[in-house]
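The sequence and the structure are shown first.

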Amino acid sequence: MHGPALSGWLLMVLCGLTGAYCLLRARDGTERERSTARAEALMGFGMAAMAVPAALFTLPDWMWAVYAVTFGASALRALAYARAGGHHLHHLVGSLAMVYMSVAMIPSSAHTVGGHSGHGAGAAGGVPVLTGVLLVYYAAYVLRSAGRLIPASAPVAVPDGGTVGVSWGARPELALACRLTMAMAMFAMLLTL
């Protein structure tokens with residue numbers, strides 16, 4: 001992405017930690033919940049890799065095509081499950097946004113000078129209208145989701161005085177916080193496109 005190095009570092013760490021937590025979530029729950037957590041982990045790690053500052057590592061030109069294919073496959077999978085509604089539609093938009101950013105980066109990465117990406121001709125930087133639509137979508141998603149971060153379940157008291165709670169990896173409010181974090185990171189990445 002084309003933002004300042006500090007933003008890239010922060011996005012890289014934030015998305016990497018979010019992806020790691022999503023992998024923890026993939027150990028608990030139903031098969032559908034584990035599948036969703038794995039898809040979110042892929043998104044988190046993909047966003048972290050995309051946000052790596054050029055000062056640390058410049059991705060080879062072919063890597064953007066790999067991103068586009070990987071997240072294109074993820075979008076097809078999300079499309080297949082989108083009939084179930086809900087979060088799969090959001091994951092479809094996220095995967096398509098990753099494909100869009102990857103394709104937008106292909107021409108600009110071919111024009112690197114001194115480790116800094118410059119804007120080339122063609123689709124470098126993306127299509128302003130599509131970028132704007134995605135920015136509006138993610139801003140609305142963040143604002144709508146932020147109010148739902150109140151814990152959904154409290155620990156249950158048991159007769160011996162102890163408590164039984166939801167395991168750390170299966171807490172619904174933390175899953176929502178992961179999605180919210182990735183949506184804010186996606187918004188920031190689209191701004192720097």
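## Cavity

On a 1 Å grid over the protein atoms alone, a cavity is a set of points where a 1.4 Å probe fits but cannot get out, and lining residues have an atom within 4 Å of a point. Grid points are joined across faces, edges and corners, and a volume is the space filled by probe spheres set on the points. The model is predicted: local features need pLDDT of at least 70 and side-chain atom pairs count only at pLDDT 80 or more, while totals for chains, interfaces and linings use all residues. Residues are numbered from 1 along each chain as its sequence is written, and side-chain values use heavy atoms, with hydrogens and water left out.

One cavity of 30 Å³ or more is found in a search of the whole structure, and the largest cavity holds about 110 Å³ of space. Its lining consists of Glu40, Met43, His87, His90, His91, Gly94, Tyr138, Arg179, Met182, Ala183 and Met186. Two or more lining residues come from each of helix 2 (31–50), helix 4 (87–109) and helix 6 (172–191); helices are DSSP runs (H or I, at least four residues), numbered from the N terminus. The lining comprises five nonpolar, four polar and two charged residues, where Ala, Val, Leu, Ile, Met, Phe, Trp, Tyr, Cys and Pro count as nonpolar, Asp, Glu, Lys and Arg as charged, and the others, Gly among them, as polar.

Two packed helices are described by the angle between their axes and the distance between the axes. Axes are lines fitted to C-alpha atoms, for helices over the stretch in contact, and angles run from 0 to 180 degrees between N-to-C directions. Helix 2 packs on helix 3 (residues 61–81) at about 160°, with the axes 12 Å apart. The two are therefore roughly antiparallel (an angle over 145 degrees).

Helix 2 packs on helix 6 at an angle of about 30°, with an axis separation of 11 Å. Contact (heavy atoms within 4.5 Å) is made by Thr36, Glu40, Met43, Gly44, Met47 and Met50 of helix 2 and by Arg179, Met182, Ala185, Met186 and Met189 of helix 6. These residues divide into seven nonpolar, two polar and two charged.

## Helix 1 with helix 6

Helix 1 (residues 5–25) and helix 6 pack at about 150°, their axes lying 10 Å apart, which makes helix 1 roughly antiparallel to helix 6. Helix 1 contributes Leu11, Leu14, Cys15, Thr18, Tyr21, Cys22 and Arg25 to the contact, and among the helix 6 partners are Arg179 and Met182. By class, this contact has twelve nonpolar, two polar and two charged residues.

Conventions: On a 1 Å grid over the protein atoms alone, a cavity is a set of points where a 1.4 Å probe fits but cannot get out, and a pocket is an open set with protein on both sides within 12 Å along at least five of seven lines; lining residues have an atom within 4 Å of a point. Angles under 35 degrees count as roughly parallel, over 145 as roughly antiparallel, 65 to 115 as roughly perpendicular and the rest as oblique.
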